[in-house]
Amino acid sequence: MVKPIVWMMTELYDLDLMAKGNIAQLEERLKKLLHDIYFCLLLTDPKSRKVILCESPLAPLLLKKTIAKILFEHFQVPSISFVPLHLMALLTTGLTTGLVIDCGHLETTVLPIYATRPLIPYVSTTPLAGRALTQRLASLLLDHGRYIPVSSLHLSLAPQMPVPASLLTPQLLEDIKTRVLFCSPVLIAKESESALAYKNFSSTTDLYYPVQDKANLWIPGWVRERAADVLFEGDEDELSLAHCIMDCLLKLQPDLRKPMVSSLLVMGGTALLPGFHARLKQELLRMMKSPTPAEKRRYECLLRLDKPIQFLDGQEEGKGSSRVFMSNVRGWIGGSLMGSLKLSGEELAREKFTGSVTDWSVGHWVSTV
């Protein structure tokens, strides 16, 4: 039986790659994960299939070397091609220039791409992503949610108790995130960020969420609406998504800023939250039209870019390629297109593997498009 993918990925995410002894654990878990993918899900022989590995330009080299070693030595794949995930996502839109925002689990990465070339020196990152949202959701449920054990009474009359921490497993939190959360389109002033302010502003329906043993979890409506606000908050150490985008634009040459801001592409599972694009656009417009004194000093040269802001996937406008390719799989769709067109670039053959892999941080990507 295949383990739940959420559980397996959580184990991998929590590994410290530089800690002594963790490389052996990483290898064993990756072997198990890849074995399940090949033989339980894809039902194919790895020895007969070339591999295109879509990866982040900032992925640790140690992790890439470990994956290549396992694929070559354990699964005997013929060859591996390393391609930048952000570029693969952009190619699904039919364009070769744009600003790609990858809002995944561990971090959000903003990478400008010009004429198929990832501009690695101008990348911006923030840890506010899927894991931060999961942690905020768990905290809100522990403080404001209620656990309703099995009872013969109606749910509204049944006895309620605080939510036990053991109930909030990674699988349950991911399920709640994907089923009931959304990004509120309403901005609340920073000084009003409190449970009382959220309750007063929210008109979202409370709901009863079924959990184990036919019990229920009561989730306040404002928690559903405001849990995702963590992505748009931030400070000097953990930039908000909007500040991360603005920092990336600030690094670019002035003549590249308008083409980038008019070609925003959001990818990653966290970006599937309903209202995500609208809220992100609101945050960018708020920063450009009504900046705080600190924002005005820092981003003064970007404040006139409010009119050209446009998302390539066009979810909020009901147009674009989002109806064809979902944000969470867009990068791999691009990799598949590259493989089908045989444009995946230089292949690393098993016979030539010496332990080294491509390092995008030194600008080794050569365009083949």
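Strand 1 (residues 51-55) and strand 2 run parallel and are joined by five bridges. This description rests on a predicted model. Within the pairing, Cys54 is placed opposite Val83 of strand 2. Together with helix 3 (residues 61-74), strand 1 and strand 2 form a β-α-β unit that is right-handed.

Strand 2 also pairs with strand 11 (residues 348-349), here in the antiparallel sense and over two bridges. In this pairing Ile80 lies opposite Leu348 of strand 11.

| Partner of strand 2 | Sense | Bridges |
|---|---|---|
| Strand 1 (residues 51-55) | parallel | five |
| Strand 11 (residues 348-349) | antiparallel | two |

Strand 2 spans residues 79-84, and six of its six residues are buried, so the strand is largely enclosed by the rest of the structure. In a regular strand, side chains alternate between the two faces of the sheet. Ser79, Ser81 and Val83 point one way from strand 2, while Ile80, Phe82 and Pro84 point the other way; all are buried.

Helix 10 (residues 254-261) has two sides that can be told apart by exposure. Its buried residues are Leu256, Arg257, Met260 and Val261. They lie on the same side of helix 10 because they cover an arc of only 120° around the axis. An α-helix has 3.6 residues a turn, so residues three or four places apart point the same way. Asp255 and Lys258, on the other side of helix 10, are exposed. The cover over the buried residues of helix 10 includes strand 3 (98-103), strand 4 (108-114), helix 9 (241-251) and strand 10 (264-267).

Notes. Residues are numbered from 1 along each chain as its sequence is written. This is a predicted model: local features need pLDDT of at least 70, side-chain atom pairs count only at pLDDT 80 or more; totals for chains, interfaces and linings use all residues. Side-chain values use heavy atoms; hydrogens and water are left out. Buried means under 20% relative accessible area, exposed over 50%, partly exposed in between (1.4 Å probe, protein chains only). Helices (H or I, at least four residues) and strands (E, at least two) are DSSP runs, numbered from the N terminus. The arc is that of the directions from the helix axis to the C-beta atoms. Contact means heavy atoms within 4.5 Å. Two strands pair if DSSP finds at least two bridges between them. A crossover is right-handed if, with the strands pointing away from the viewer, the path from the first strand over the helix to the second runs clockwise.
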